[in-house]
Amino acid sequence: MDERSDNFSNFSNFSNFSKIILMKYRILVLALATINMLVAFSQKIDLSGTWQFRSEREKGTVKLPGSMLTNGKGDPVNVNTKWTGSLYDSSYYFNPYMEKYRVEGKMKFPFFLTPERHYIGHAWYERIINVPKEWKGRQVTLYLERPHIETTVTVNGHEVGHQMSLSTPHQFDLTPYILFGGKNKLSIKVYNGIENVCVGQDSHSVTDQTQGNWNGIIGKIELQSGPIIWRKRVIPHWEDHTVDIVVNDSTYHLALGADTMRWDEFHPQLYTRTVNYQGTPVSVTFGLRDIHVEGSKILINGRPVFMRGTVGNCTFPETGYPPTDEAEWERVFGKCKEYGLNFIRFHSYCPPEAAFNVADRLGLYLQPEGPSWPNHGVKLRRGMLIDQYLLDEGRRMIDTYGHHPSFCMMAAGNEPAGDWVPYCQDWVKTMREYDPTRLYCGASVGGGWAWDEGSDYHVKAGARGLDWDKVAPHSDDDYYDQILFPRNYKGKEPNNEPIIAHEQGQWCAFPDFKEISQYTGVYKARNFEIFQDLLRDNGMASQASRFLIASGHLQVLAYKYEIERNLRTKDYAGFQLLGLNDYSGQGTALVGPLNVHWREKGYCTKDDWTEFCSPIVPLAKFPKFVYTNDETLQVPIEVYNASDQALKNVTVNYQLLPANSQLSTIENLPIGKNTQLGSVNLSLAQFTKPTKLTLTVQLADNIKNHWDFWVYPKTIDTSLNSQLSTLNFIETDSLNDQAIKVLEQGGDVLLTAGGKIKYGNDVRHTYLPVFWNTSWFKMRPPHTTGAYIQNNHPVFHDFPTDDWQNLNWWELTNRTQVMNLAEFPKDFQPIVQPIDTWHVSRKLGMLLEVRVLNGRLLLTTLPISQKLIANSQQPVARQLRYSILRYMASADFKPATKVDVDVIRHLFEREAPKVNMYTNESPDELKPKIGG
């Protein structure tokens with residue numbers, strides 16, 4: 001081939017290549033044109049992604065949706081950080097032990113989860129937006145699903161507007177300021193100070209105790225072609241099977257059909273209809289339900305409904321703010337349903353739309369609240385900004401979420417101060433007139449708050465808890481007298497309005513240090529790291545998992561019997577726990593059988609929990625749980641039926657001994673409480689040895705409940721006393737000269753020191769565990785969460801026991817003195833070990849053994865002395881004393897640890913340093929400012 005041919009060939013190849021490039025270019029242009037047309041004719045433009053950012057102290061870029069914290073922005077946390085929230089225990093700032101946690105870059109807080117950064121102030125989020133020219137002539141709306149807190153929007157240098165809802169989307173009409181078909185500069189200024197909304201620094205909508213007072217925008221961030229949709233309402237007309245759908249101020253009357261189903265927890269039937277509002281299609285998904293009050297009952301679709309709820313506290317440690325995606329709410333709400341709940345109260349905040357969508361589908365009743373805890377500096381009807389804000393916010397919440405059937409109930413907020421009763425009465429009246437399709441409560445309040453007679457229903461404490469600090473455990477009581485005449489109720493006639501128990505439970509368990517690794521987001525469990533250090537430094541690192549499980553079992557037991565007491569109470573409308581999951585703030589309140597991530601901790605499953613927390617629960621009315629074998633067991637059985645229908649031909653079985661027995665057959669088991677099923681009766685004479693028994697009552701394969709109880713012999717062999725008299729053995733209540741002499745001689749001493757101990761007298765132990773936590777309540781007793789018991793120890797050979805403080809230990813441990821074992825060897829652990837508050841983690845003991853001088857000493861504060869049990873009214877203590885004496889007389893009595901006699905003497909002579917709370921609150925300069 002000659003040169004021309006080669007050139008021609010090359011040119012030909014180049015020409016073909018060019019044609020290919022040209023063809024691809026045309027395809028690309030066509031594709032881009034198609035995309036532009038789709039954008040032009042679409043209704044929305046997603047603005048999520050990278051935004052330019054600046055605050056009062058830094059600038060850069062951030063990803064939205066998100067917060068400054070999720071983007072690593074803000075001021076490094078240090079001891080001068082001004083938190084949004086009350087710090088009732090300021091010992092952290094002054095306690096020498098905490099000094100190592102107060103170093104910037106290594107900060108750890110015991111009050112709540114620790115973020116790396118914190119920021120209160122203004123921040124600007126900016127980007128260039130392109131609005132299609134085809135949108136000209138249509139309204140352009142900026143939709144910000146959940147900013148925090150105030151937004152001021154500017155387009156091309158023109159201020160569009162300012163909004164400050166904590167509960168609903170911020171929407172702005174950008175139309176007058178938009179350059180269609182060109183570039184537009186969009187600036188969103190976000191301010192997260194609380195003085196203008198004035199909701200109170202401990203409101204879960206803003207406080208660092210929960211989600212944190214973040215600055216940013218989460219959820220949908222988009223431009224919408226069309227009008228602002230600020231109201232969606234659904235009004236059913238039952239008589240003709242029609243519905244009114246209200247969009248903004250327009251009403252659309254639609255037929256539904258005679259086969260339309262009503263929505264409730266058992267039948268979460270939803271319908272979707274689309275209406276044309278000003279040329280824009282608006283889709284509304286809704287369920288049809290009627291909720292109203294008749295006397296003391298709440299009725300849904302004409303059927304009594306009983307609330308079994310928990311409090312949603314806005315604790316989301318991975319992000320610091322509530323999720324806006326449905327998947328996460330499905331996980332959380334799914335766990336609530338698994339654990340037998342049908343109701344969720346949102347403490348001083350309102351969740352995003354996704355929560356309502358999921359609750360609609362799953363069948364959950366929701367009580368969002370105005371985002372306020374107007375207390376601790378904020379008060380109602382005192383001329384503060386909160387008064388008008390709560391009215392405006394309440395209307396916004398109804399307008400935005402009012403079409404959701406799950407939005408059944410609503411309150412203005414939590415535990416207010418000021419002239420709150422007349423204010424809340426007016427607030428309820430205003431909301432009821434605005435939308436009468438749900439129930440309204442002035443505020444969710446504790447027992448000490450006034451009675452609010454203007455509410456549709458009441459969320460109030462007072463009729464809750466267990467009285468086992470005063471009387472032995474039993475399950476035949478209820479709260480009926482307390483709801484007939486609630487605390488601060490002024491009426492002469494009994495109350496006949498629905499009451500739901502406010503924040504029931506709050507029983508604590510010890511921290512689960514395995515949980516620390518679960519905190520992979522912006523908040524870290526450095527409070528848990530502090531508690532872990534305290535346990536280690538006090539010589540109990542090996543006890544961590546034992547303390548968790550032992551305290552966890554006691555926690556679940558307390559919840560079981562408090563919930564059952566509520567279910568037994570005639571006309572009680574239900575309860576709300578605080579909570580099913582832990583609360584990570586206010587000193588760290590480990591009150592849930594689930595952790596803050598809604599995960600199980602290892603001591604309670606859904607199957608365990610739903611025995612006593614379900615739509616149908618058998619209930620056994622034990623007058624006591626400890627018997628002697630000369631008695632007869634007589635236990636009435638009843639049932640709580642909160643299902644959607646009466647049950648037909650129910651066979652009631654029970655198991656007490658290895659064989660099953662039939663208790664009764666019920667032809668018609670109605671909806672409601674206190675339906676009697678019969679009585680379990682059994683002579684206990686056959687139990688000649690200490691025995692733990694379990695009564696199980698079953699209505700169906702998946703409907704059962706059980707209760708442990710104990711039988712002890714009426715009399716005990718006394719030949720042991722003569723055996724001990726031949727030994728060098730004494731029993732005494734103090735380390736007196738005789739006891740010292742016996743120990744020097746190599747003898748044995750039983751030292752029953754209850755009431756005589758000084759080193760440990762600042763610790764208060766009751767049978768029931770810590771309430772909420774000792775930090776928030778300034779070391780208010782009790783200080784312990786039960787006890788870990790070495791149940792495989794030979795001292796319990798004649799006293800069968802669990803490794804935790806089960807019901808049979810009430811007689812032994814309620815209000816029993818403890819010993820502070822700080823002077824004992826660091827690795828020493830007692831046989832019965834009370835579990836101290838995790839904020840201090842003192843090594844405590846109630847029963848221990850050591851070698852002293854040349855002898856052996858068994859030391860206890862448990863009430864097992866001969867003098868205390870002489871009246872034979874304490875069968876548990878009598879049996880434990882017998883087991884202890886048998887052990888001390890046996891070859892098994894071989895204490896491994898030797899201590900100096902002064903270590904024992906100091907228990908009677910010295911006092912431990914007091915736990916110093918230093919001040920009542922955080923230092924004044926760290927308190928947030930309150931709006932006027």
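Me: How many salt bridges does the structure hold?

Reply: The structure, which is a predicted model, holds 48 salt bridges. A salt bridge is a side-chain nitrogen of Lys or Arg within 4 Å of a carboxyl oxygen of Asp or Glu. In this model, local features need pLDDT of at least 70 and side-chain atom pairs count only at pLDDT 80 or more, whereas totals for chains, interfaces and linings use all residues. Residues are numbered from 1 along each chain as its sequence is written, and side-chain values use heavy atoms, with hydrogens and water left out.

Me: What makes the contact of Lys297 and Asp571 a salt bridge?

Reply: The N to O distance between the side chains of Lys297 and Asp571 is 3.3 Å. The definition asks for within 4 Å, so the pair qualifies. Side chains of opposite charge can pair when their charged atoms come close.

Me: Where in the chain do Lys297 and Asp571 lie?

Reply: Lys297 belongs to strand E21 (residues 297-300), while Asp571 is in the loop between helix H8 (544-568) and strand E32 (574-577). The two residues are 274 residues apart, and the pair thus links distant parts of the chain. Helices (H or I, at least four residues) and strands (E, at least two) are DSSP runs, numbered from the N terminus.

Me: Why is Lys297 called partly exposed?

Reply: Lys297 has a relative accessibility of 33%. Buried means under 20% relative accessible area, exposed means over 50%, and partly exposed lies in between (1.4 Å probe, protein chains only). Because 33% falls between these limits, Lys297 counts as partly exposed.

Me: How do you know that Glu631 and Lys624 form a salt bridge?

Reply: The closest N and O atoms of Glu631 and Lys624 are 2.6 Å apart, so the pair meets the limit of 4 Å. Glu631 is partly exposed at 23%, and Lys624 is partly exposed at 29%.

Me: Which residues are linked in a network of salt bridges?

Reply: The network links Arg231, Arg233, Asp249, Asp399, Asp435 and Arg438.

Me: Why is Met779 called buried, and what is its phi?

Reply: Met779 has 14% relative accessibility, which is under 20%, so Met779 counts as buried. Its phi is near 60°, a positive value in a residue other than glycine. Most residues other than glycine have a negative phi, and most peptide bonds are trans. Met779 lies in the loop between E42 and E43.

Me: Which peptide bonds are cis, with what omega values?

Reply: A cis peptide bond joins His148 and Ile149, with omega about 5°. Ile149 is in the loop between strand E9 (140-148) and strand E10 (150-155). The bond from Pro781 to Pro782 is also cis, with omega near 0°. Pro782 lies in the loop between strand E42 (748-752) and strand E43 (784-789).

Me: How do you know that E32 pairs with strand E23 and with strand E30?

Reply: Two strands pair if DSSP finds at least two bridges between them. Four bridges join strand E23 (residues 307-312) to E32, and three join strand E30 (residues 499-504) to E32; both counts therefore meet the definition. Each of these pairings is parallel. In E32, Gly574 is the bridge partner of Met307, and Phe575 stands opposite Ala501.

Me: Why do strands E3 and E11 stand at the edges of their sheet?

Reply: Six strands form an open sheet in the order E3-E2-E8-E13-E10-E11, with antiparallel pairing. Strand E3 (59-64) and strand E11 (158-163) each have a single partner strand, so one side of each is left without a neighbour in the sheet.
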